Every structure is written in structure tokens, then in C-alpha cells.
Amino acid sequence: MLIFISRYSCIYVTLSTGCGKTTTLYALLQSLMNHRSFQAITLEDPIEKDLNNIIQVQVNERAGITYDTGLKAALRHDPDLLMVGEIRDQATAQFAFRAALSGHLVISTIHAKDAYGTIRRLKEMNIQQADLEQTLIAIAAQQLVPLHGNTFLPKRTAILEMLDNGLLHHAINDLSPYTQKEFRSFSNLRRKAYALGYIHHYEV
């Protein structure tokens with residue numbers, strides 16, 4: 001993935017529960033922190049991993065600490081980087097994009113069928129196309145697949161559908177990435193893994 005990382009940006013990791021989105025989000029956060037000295041705040045429900053030199057806020061809706069109120073409180077500290085554990089509703093989505101538009105790098109997860117479906121989901125949450133074009137720089141949809149063969153390999157690994165750069169621009173403008181030769185869909189990735197002997201079968 002070759003993308004220009006800056007403030008005024010959003011990055012999303014997507015797909016269903018249990019596909020490792022949060023693990024990938026933590027890895028992305030750590031990579032960004034290693035790349036540049038960001039002041040970072042996270043909003044999580046629950047906090048799954050303690051991080052050094054980062055303010056982590058536990059969302060607790062019973063106590064009135066929702067993603068929405070947590071975002072408002074976090075922005076008063078003017079962080080460079082804001083990690084939102086999950087975009088669950090329209091209010092959180094719109095607030096996250098406002099945070100990006102006001103000069104923050106926002107990374108988060110969201111439930112969607114695939115990378116392209118994430119854009120449709122955000123539009124259903126009334127995120128305007130102009131805001132998507134100005135702030136969204138990458139979407140990674142993730143699936144876990146079992147590995148077979150080499151005993152030194154992990155039992156499973158993640159495959160990623162990536163939308164960034166030109167592919168992302170076209171997708172925001174309703175041009176399906178599945179019509180683009182350079183797009184590596186889950187089906188393409190599973191087929192390649194099957195051909196290399198890493199998995200026993202794949203679904204088209």
C-alpha cells in the first residue's frame with residue numbers, strides 16, 4: 001500500500017466480526033506512530049491492548065461515555081491521530097469525518113460486505129461525496145483464511161482487498177473496482193493462494 005499519510009485524512013478497516021479488524025487497526029496505529037511522532041488518542045469498546053504513550057479511552061455507554069461524547073472530549077485535546085474502535089452509527093461516522101476535515105488523521109473499523117461496500121455504507125450514513133473525496137485515503141477489507149502445508153506457517157492469515165489512490169477515487173465516484181484489472185479482490189487472492197498451495201480450496 002503506497003498512500004500519502006497526513007492529517008485531514010481517514011483510513012478504514014472493514015468486514016465482519018471476528019476477521020481480525022481490531023488487530024490490524026492496532027498494527028496500523030503502531031506503524032503510524034513509528035513513522036511519525038503523532039499525539040494519539042483512542043476510543044475503544046473494549047480496550048483490547050494497552051499501548052504505551054497513547055491516551056486510551058474506554059467507551060462506557062451506561063456511564064454516558066459514548067463514541068460521540070468521547071470524540072468531542074478527545075478533540076478538545078487536539079490530537080494528531082484519533083483511533084475510533086468502530087463506526088457504529090451515522091452520528092459517529094459524521095463526527096469522525098468532521099474530525100478529519102478539521103485537521104486530524106482518523107483510523108477506524110466499520111462493518112461492510114467488502115471494501116467497495118464500505119463506501120456505500122458511509123454514503124448511507126449521509127457522508128457527503130465531497131467529504132469522502134477530501135478525506136478518505138484508504139479502505140482495507142480483511143478476511144482470515146486457513147493455511148495448510150508448512151508447519152512453520154501460522155494456522156491462518158489475513159488477505160486484504162485494498163482501495164487507495166486511483167481505485168479509491170473511482171470507487172467513490174461509483175465505478176466498481178471489480179471492473180479494474182489492478183484491483184485484487186478476495187476471489188483473486190484466494191485463487192492465487194490456492195495455486196501456490198497455501199489453501200486447499202477457494203470460493204469464486
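The model is predicted, so local features need pLDDT of at least 70 and side-chain atom pairs count only at pLDDT 80 or more, while totals for chains, interfaces and linings use all residues. Residues are numbered from 1 along each chain as its sequence is written, and side-chain values use heavy atoms, with hydrogens and water left out.

**The sheet**

Let's start with the strands. Helices (H or I, at least four residues) and strands (E, at least two) are DSSP runs, numbered from the N terminus. Seven strands form an open sheet in the order 3-2-4-5-1-6-7, with mixed pairing; two strands pair if DSSP finds at least two bridges between them. Strand 3 and strand 7 are the edge strands, each pairing on one side only. Strand 7 runs antiparallel to strand 6 over nine bridges, and A140 has M162 of strand 7 as its bridge partner.

**Helix 1**

Buried means under 20% relative accessible area, exposed over 50%, and partly exposed in between (1.4 Å probe, protein chains only). K21, L25, Y26, L28, L29, L32 and M33 are the buried residues of helix 1. They fall within an arc of 160° seen down the helix axis, so they line one face of helix 1; the arc is that of the directions from the axis to the C-beta atoms. T23, N34 and H35, on the other side, are exposed.

| Strand | Residues |
|---|---|
| Strand 1 | 9–14 |
| Strand 2 | 40–44 |
| Strand 4 | 81–84 |
| Strand 5 | 105–110 |

**The cores**

A nonpolar core is a set of buried Ala, Val, Leu, Ile, Met, Phe, Trp, Tyr and Cys residues joined through side-chain atoms within 4.5 Å. The largest has 43 residues, of which Y12, I87, I119, L132, L136 and L163 touch the most other members. Helix 3 (residues 90–101) gives the largest share of this core, six residues. Not counting residues up to four places away in sequence, I87 touches Y12, T92, A93, A96, S108, T109, I110 and M125.

Notes: Contact means heavy atoms within 4.5 Å.
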